[in-house]
Amino acid sequence: PVESDGTAAWGRSTEYSKASIEYYSKKWFEYPYAMAINVASNIGGMEYPGIVFCGFQAKGGGLWGVTDHELGHNWFPMIVGSNERLHGWMDEGFNTFINGLSSAAFNEGEYKGGPLNMQQVGPRLTNQKMEPILSTPAGMKEGNIGSLLYFKPAVGLTLLRNQILGEERFDLAFKTYIQRWAFKNPTPEDFFRTIENVAGKNLNWFWRGRFIHNWQLDQAVKEVKYVNDDPAKGVLITIDNLEKMPMPVVLDIKTVSGKTTRVKLPVEVWERNTSWTFKAPVTEAVESVTLDPDKALPDINPANNTGKPAEKKGY
């Protein structure tokens, strides 16, 4: 439509469509259709194999976002044919996740968003009145569908990629899942098994807490003290896991000289414990200890994420 034209709007729609399809084809699985059509329409967005409909009033980043999302559905659930009526998160959630990677890559990050503050979204996504992700869409409160089908699964995959497996390991596993289940009908269990099989890591704790249940995360700094009351002999740090959801630990230790030392602990420290004490690799007085300094984990209570040694003379 003429009212949709212009370089700030649908004048770039072909550029957006081309970039989206090329990115997903190279990153995950080659686009299987002979053509791709994007229609400026009177609906917000809707997807079908090889043809999508996006709002005729969309412009700029909004038009990129809806175009990329609707075309992304060619991979989920058109290529990987999960049952969206039973497992809507394997459709919308997976698509929302790959949209974030595509947006970061498009035109050198033209529409790239800033890093997500997981501590801000954590309480909302694990609200105890909300159903688990593995609920069927028909069994969810309508107001929860946006979170449970789209946002929370995408955040979960982002956590898995960035905080647990690492980008290279995750991307290989996710790509293998798409390739193994292209034009087939996987269940959640097929997805879980494939990721674990390719990544070579037991993730049952993650699927259980994040997808099967709606468990919350609350890591805390319990105590910071020096070995034999002497900073030169090292510092002992005790951390707690106060809720059911375990996650790896990232902790920054800032000493009085201004130096910051980062410590990373695997999720396995919580396998048999809700409290863990370790000797940190510092040999001077500590100014502060901070859990999750990058705000990369959905911790529901960041107020207990910091600590310092009890004040004593001479330090």
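## Overall make-up

A contact here means heavy atoms within 4.5 Å. Residues 24 or more positions apart account for 66% of the contacts in the protein with a separation of 6 or more. The structure is a predicted model, in which local features need pLDDT of at least 70 and side-chain atom pairs count only at pLDDT 80 or more, while totals for chains, interfaces and linings use all residues. Residues are numbered from 1 along each chain as its sequence is written, and side-chain values use heavy atoms, with hydrogens and water left out.

The protein has nine helices and ten strands. Both kinds of element are DSSP runs numbered from the N terminus, with helices being H or I runs of at least four residues and strands being E runs of at least two. Along the principal axes, the C-alpha atoms fill a box of roughly 75 × 40 × 35 Å. Of the 315 residues, 50% count as buried; buried means under 20% relative accessible area, exposed means over 50%, and partly exposed lies in between, with a 1.4 Å probe and protein chains only.

## Aromatic pairs

The structure holds 35 aromatic pairs. Rings of Phe, Tyr and Trp (its six-membered ring) pair if their centres lie within 6.5 Å; planes under 30 degrees apart count as stacked, over 60 as edge-to-face and the rest as tilted. One of the pairs is Phe 29 with Phe 183, which is edge-to-face at 6.0 Å centre to centre and 70° between the planes. Phe 29 lies in the loop between helix H1 (13-27) and strand S1 (37-41), and Phe 183 in the loop between helix H7 (167-181) and helix H8 (188-199), so the pair ties together parts that are 154 residues apart in sequence. Phe 29 counts as partly exposed at 21% relative accessibility, whereas Phe 183, at 53%, counts as exposed.

In another pair, the ring centres of Phe 97 and Phe 174 are 5.7 Å apart and the planes stand at 80°, so this pair is edge-to-face. Phe 97 in helix H4 and Phe 174 in helix H7 are 77 residues apart, and their pair links distant parts of the chain. Both Phe 97 and Phe 174 are buried.

Glu 92 is found in helix H4 (residues 92-105). Glu 92 is buried yet has no salt bridge, and the nearest side chain of opposite charge, Arg 85, is 12 Å away. A salt bridge is a side-chain nitrogen of Lys or Arg within 4 Å of a carboxyl oxygen of Asp or Glu. For charge, Lys and Arg count as positive and Asp and Glu as negative, while His and the chain ends are not counted. Leaving aside residues up to four places away in sequence, Glu 92 touches Glu 47, His 69, His 73, Leu 149 and Tyr 150.

Helix H9 (residues 204-212) has Trp 205, Phe 206, Trp 207, Gly 209, Arg 210 and Phe 211 as its buried residues. Their cover includes helix H5 (118-125), helix H6 (145-165) and H8.

## The three-stranded sheet

Strands S4, S5 and S8 form an open sheet in the order S4-S5-S8, with antiparallel pairing. Strand S4 (219-226) and strand S8 (275-280) stand at the edges with a single partner strand each, so one side of each is left without a neighbour in the sheet. Two strands pair if DSSP finds at least two bridges between them. Seven bridges join S4 to strand S5 (residues 235-241), and Val 221 has Ile 239 in S5 as its bridge partner.

## The four-stranded sheet

A further open sheet has four strands in the order S7-S6-S9-S10, again with antiparallel pairing. S7 and strand S10 (306-307) are at its edges, each with a single partner strand, so one side of each is left without a neighbour in the sheet. Strand S6 (residues 249-255) is joined to S7 by six bridges; Lys 254 has Thr 260 in S7 as its bridge partner, and Leu 251 stands opposite Val 263. S6 and S7 form a hairpin with four residues between them, and Gly 258 in the turn has a positive phi of about 100°. Strand S7 (residues 260-265) has a covered face of Thr 261, Val 263 and Leu 265, and an uncovered face of Thr 260, Arg 262 and Lys 264.

Five bridges join S6 to strand S9 (residues 286-291), where Asp 252 stands opposite Thr 290. S9 and S10 pair over two bridges, and Thr 290 has Thr 306 in S10 as its bridge partner.
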